[in-house]
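Hi,

Here is the structure I promised to pass on. Please have a look at it first, and then read my notes below.

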Amino acid sequence: MTLSRRSLGMIAAIVVLPGCIKGTGDGVVSRFIGGPQVAAPQESAAQPAVARAEDASPIIAALQVRPTALTPGTAYARIADGVIASDARVAEAELRVARLRAEAARRNWLPRIGPRVSLNSLGDFVAELLINQVLFDNGRKQAERDLAKADVELAAVTLVEDGNARVFEALSLYLKAEEGRTRQAHYEVALRDMSQFEWVMQQRVEGGVSNMADLNVIRQKLASIRARQGEAQEAVTTAMAELNAMSAVPLDDVRGLSALQPVAAGRALAVLRAEAERDRTLAEARIARAGHLPGLSATGTLGKDGLSGGLEAGSDQLFGLGTMAELKALEATKLTAERRIGEADETARRQIASQSRQLEAFERQAAEAAALTASAKQNLDLFQRQYEGGQRQVMDVVNVYETYASALETEIDLKYRAARAALELARLRGALAEGARI
């Protein structure tokens with residue numbers, strides 16, 4: 001396209017002065033990702049700075065206000081603080097990269113300037129300064145800014161997910177260690193009581209009152225208790241070694257279980273991820289669609305021969321027999337992305353409902369097991385008094401004691417199953433790490 005000198009001067013002014021550009025296919029120039037669209041000209045120098053892109057994102061706002069189910073100062077909170085402080089923060093680095101890319105995309109509507117060096121037919125090098133300004137691009141630049149914003153949102157969701165997963169893993173190790181300590185204390189008492197029964201039976205065997213078979217049975221029970229005590233000790237050692245490796249501070253002195261606070265029901269992290277992925281997919285589809293449609297840009301070159309310029313119209317991709325089908329496929333992408341959000345929401349609600357019922361079942365079973373343990377203890381005390389009164393044999397008391405010990409083990413097992421179920425429910429709700437702190 002050949003233009004007059006006057007036209008070339010006007011085009012050069014448009015290219016060099018971006019304030020004269022009214023938009024890049026979307027009517028106005030967006031000065032920040034996700035925020036209000038503000039026209040480039042007529043901007044006052046006293047106008048306050050706009051908010052950050054992330055602050056205008058509903059997804060990041062939802063992440064920032066997510067509460068935590070951990071009560072400050074409790075054992076769970078101390079463990080969470082320790083493992084968060086020592087986190088390698090890979091997701092945080094990825095979020096920082098995404099924010100820098102979004103910062104760069106905020107200015108994609110500005111002219112692009114660069115050198116161009118070529119070798120002509122006479123063997124001379126020709127150096128020019130090339131300036132390009134997009135005038136109309138079917139919304140491609142806006143879609144690129146939306147894509148960068150979606151990348152930031154997706155990285156933010158990943159950061160919160162990683163924080164919750166890390167705290168969940170650490171608390172799971174702590175529950176394993178705490179259960180091992182509880183079992184170890186139980187086996188220690190059982191070992192002491194059973195050793196007393198062994199001594200009594202040995203005295204009866206030496207006195208000819210009882211036979212050796214009963215003594216061997218008690219010794220086998222003692223060996224079983226010692227083996228289970230060793231397993232509990234190994235579980236505690238392994239879990240605490242792994243937990244301390246995850247934490248910035250030693251956690252060997254942390255003891256006890258902590259109650260989790262009820263948190264307000266909000267969108268699950270899986271739903272927020274699906275929304276961010278939907279925005280990203282739609283932005284990519286708009287970019288692909290713009291590549292099939294013709295756009296308009298102004299170019300100017302500054303070399304030894306002076307200033308020259310022109311207008312260029314064209315598309316990134318040529319039309320073919322399958323172009324219309326490709327455009328229809330891009331339009332169908334929106335429906336697919338919306339359905340994925342619905343699917344993620346349904347899956348999250350099902351998991352939370354199932355885990356809530358499972359938690360209630362474990363708590364009920366733990367209460368029933370505690371009642372059975374109390375009943376077994378009363379029965380043991382009765383047999384103990386009858387034995388001291390000469391109404392029961394030693395093996396009768398041993399069998400009743402074994403029943404009591406088994407009931408207590410069941411109570412311990414259900415108690416920590418309920419604790420793990422509560423922890424899993426908090427993980428599904430994304431409430432193991434406070435969003436604002438992450």
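In this predicted model, the largest nonpolar core has 55 residues, and Ile79, Val167, Leu171, Met194 and Leu243 are the ones that touch the most other members. At least two residues of this core come from each of helix H3 (75–85), helix H5 (140–206), helix H6 (212–246), helix H8 (323–388) and helix H9 (394–428). The biggest share is from H5, which gives 15 residues.

Leaving aside residues up to four places away in sequence, Ile79 touches Ala170, Leu171, Tyr174, Leu243, Leu251 and Val254. Another core, of 20 residues, lies apart from the one above; Ala102, Ala105, Ala148 and Leu269 are among its members. In soluble globular proteins, nonpolar side chains tend to be buried together.

Asn108 sits in the loop between helix H4 (90–105) and strand S1 (112–119). Is Asn108 buried or exposed? Its relative accessible area is 8%, so Asn108 counts as buried, the cut-off being under 20%. The side chain of Asn108 makes a polar contact of 3.2 Å with that of Glu144. Besides Glu144, Asn108 touches Lys141 and Arg145, again not counting residues up to four places away in sequence.

Finally, the surface. Ile113, Leu129, Leu302 and Leu307 make a nonpolar patch of about 360 Å² there. Of these, Leu129 belongs to strand S2 (residues 125–136), and Leu129 counts as partly exposed because its relative accessibility is 33%.

Methods
Residues numbered from 1 in each chain as written. Predicted model: local features only at pLDDT ≥ 70, side-chain atom pairs only at ≥ 80, totals over all residues. Heavy atoms only, no water. Patch = residues over 30% accessible without salt bridge, like charges linked within 9 Å, V, L, I, M, F, W, Y side chains within 5 Å. Areas by Shrake-Rupley, 256 points an atom, 1.4 Å probe, with all protein chains shown as cover. Salt bridge = Lys/Arg side-chain N within 4 Å of Asp/Glu carboxyl O. Helix = DSSP H or I, 4+ residues; strand = E, 2+ residues; numbered from the N terminus. Buried < 20%, exposed > 50% of the residue type's maximum accessible area, 1.4 Å probe, protein only. Core = buried A, V, L, I, M, F, W, Y, C linked by side-chain atoms within 4.5 Å. Contact = heavy atoms within 4.5 Å. Polar contact = N/O pair within 3.5 Å; in protein donor to acceptor, adjacent residues only side chain to side chain.
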